[in-house]
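Have the model open in your viewer and your selection tool ready.

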Amino acid sequence: MSQTPSNPRSASVSNTAPWDQDFLPPPPAWNGASRALLRDASDPWASGFEIDPEHDFSPNYIDTRAWFDRLDAASDLIRIEQFGVSPEGRPIYAVIASKDGATFDPAKPVVLAQAGIHPGEIDGKDAGMMLLRDIAFYGKDSLLDRVNLILIPILSVDGHERASAYSRPNQRGPRIQGWRNTGTNQNLNRDFMKLDQPEMRAVMGLIQKYHPSLYIDIHVTDGIDYQYDVTYGFNGENGGYSRSPAISAWLDGVLKPEMNAALEAQGHIPGELVFALDDRDPKAGLSDGGLGERYSNGWGSVAHTPTILIENHSLKPHEQRVLGTYVLLEEAMRLLADHGSDLTAAIAADRRLRPVEIPANFAQGAEPTSTRAFKGILYDTYDSPASGRSELRWLGREDPQMWQVPMFTSEPTLTLARPAAYWVPAYRTDIIERLRGHGVTMETLDAPRTVSVEMLRLEDPEVARATNEGHVAITVKTVTPERRDWTYAPGSVRVSTDQPLGDMVVLLLEPQSNESFFAWGMFAEVLNRVEYIEGYAIAPMAEQMLAADPTLKSEFEAKLAADPAFAADPDARLGWFYERTPFYDDRYRLYPVGREN
């Protein structure tokens with residue numbers, strides 16, 4: 001007789017129970033002017049979000065697609081384009097609004113808005129439905145006179161359909177939410193560089209087809225409570241480091257002030273994207289969250305694609321977040337219509353950059369770089385019988401006093417030199433295809449070629465003890481370059497760094513970069529030793545080496561004197577000699593991607 005395993009959650013929580021958010025802090029009262037954007041539930045083009053009496057609902061994949069299909073059929077301004085298929089077989093599609101027909105006017109800027117990379121954070125889909133509807137039928141078609149809009153309503157379509165009332169406990173609505181990861185349990189907002197997942201590879205194909213002038217990645221936060229309802233950020237904000245300084249200057253100097261003014265005019269409180277150092281001590285400090293290229297904002301900086309990462313505040317009602325997103329998307333279109341030529345020039349300037357040195361592996365600085373004025377929410381603490389400690393409790397009321405909070409920014413911990421090119425061997429078709437997926441250009445050999453390259457010996461590789469995104473990470477701090485004449489087989493590629501994506505190539509192919517394919521564990525085979533030598537063979541060989549080579553003998557004796565643990569380890573001593581014989585595998589820990597200097 002079989003027995004269904006018990007679920008400890010089911011004793012106190014039922015999947016059929018009504019959604020209850022009593023455990024969340026209360027939200028501050030809000031009645032923004034953007035509520036005028038809502039259509040009445042009786043309107044034939046009202047969205048599922050608008051039809052819901054509480055505006056706390058987001059339609060499922062099938063109903064969303066049916067609504068967009070109806071919009072497509074009814075308006076010449078709207079068309080749907082499938083650009084990928086999910087692991088579970090669902091079409092991934094974009095909704096395109098344009099007056100240009102099937103072929104875009106290349107002079108027009110393109111806004112690409114992406115929703116549902118984390119499907120529980122679905123504000124962008126519901127806002128996009130409303131905006132596209134208003135463009136098609138309610139007088140906002142003039143937005144398309146000088147700008148085209150592409151909306152990805154749901155990127156992680158499989159995660160979107162793993163939906164329940166119990167997906168995101170820290171988020172206020174919608175009542176039913178999708179799951180953060182994909183159907184293969186991957187986080188797409190860690191995949192912008194390694195391109196493991198078909199969803200992300202499909203997005204890269206769409207970007208390379210339409211070359212968006214502005215890429216908007218729409219999320220919802222976790223973390224502390226605060227007054228801001230729409231926060232957003234980009235690499236290089238406030239003059240910080242950016243791999244695309246001209247783009248960042250445009251985002252900082254043009255987009256941000258006009259965007260903030262538009263949001264404030266509609267009753268929203270925009271803020272910069274920051275993260276608390278300690279969720280239990282919210283005034284201890286704020287950080288920029290890192291500038292990693294595995295995230296959309298970091299990828300946009302290295303790809304020279306203007307990218308803003310939206311993080312609507314999770315404790316604000318779904319209605320408030322959706323309407324704030326609508327205002328942001330509409331204003332983005334107006335901004336590009338008015339200032340698109342300046343942004344185009346900034347993109348071109350950044351694509352011409354070829355820095356000799358490339359900062360990498362950004363980490364939070366040890367000391368604050370400034371003090372940030374911050375609109376906080378009142379809180380207190382209480383003794384919790386559940387945790388046995390003092391817990392923070394948000395009170396849902398705006399603090400009338402502006403907080404002054406230390407701000408910590410990210411700093412590089414590594415500087416990489418830019419070689420002329422890299423050589424990737426033919427047998428690493430997976431690496432070559434990932435590079436091609438980014439749009440990297442390369443020369444493919446049709447015949448063997450012997451090249452003088454610099455190979456890297458990995459001196460201290462360390463394998464992680466836990467998995468990360470389906471990989472086992474490997475770090476290496478010390479590498480030793482070795483000059484080799486290496487013969488590359490047909491199908492091998494030479495990847496020049498003299499191209500707009502040259503910085504990305506360096507970050508992906510330098511093993512010390514924490515965004516590299518090596519760091520994700522994709523070259524683990526070079527850490528495997530194949531041949532060994534027995535003690536009865538190496539001991540007499542070592543004795544002969546000592547007798548024949550006074551320099552070697554002196555080096556050995558110095559090692560014994562300097563390292564007592566080595567001196568006391570017979571196997572380590574014999575291994576030291578083995579490494580200095582021609583029998584030792586000279587490809588052990590030799591990274592197979594060559595540098596051309």
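Start by selecting Ser301: beyond its neighbours within four places in sequence, Ser301 is in contact (heavy atoms within 4.5 Å) with Asn235, Ser242, Arg243 and Ser244. Before going on, note that this is a predicted model, where local features need pLDDT of at least 70 and side-chain atom pairs count only at pLDDT 80 or more, while totals for chains, interfaces and linings use all residues. Residues are numbered from 1 along each chain as its sequence is written, and side-chain values use heavy atoms, with hydrogens and water left out.

Stay with Ser301, which lies in helix 7; helices here are DSSP runs of H or I with at least four residues, and strands are E runs of at least two, numbered from the N terminus. Is Ser301 buried or exposed? Ser301 is buried, at a relative accessible area of 6% (buried is under 20%, exposed over 50%, partly exposed in between, with a 1.4 Å probe and protein chains only).

Next, pick Asp350, whose C-alpha is 9.4 Å from that of Ser301, although 49 residues separate them in sequence.

For the last stop, select Ser496 in strand 23, residues 493-496. A polar atom of the Ser496 side chain lies 2.9 Å from the backbone nitrogen of Asp498. Ser496 also touches Ala420 and Ala421, leaving out residues up to four places away in sequence.

Technical notes
A polar contact is a pair of N or O atoms within 3.5 Å; within protein, one must be able to donate a hydrogen and the other to accept it, and residues adjacent in sequence count only if both atoms are side-chain atoms.
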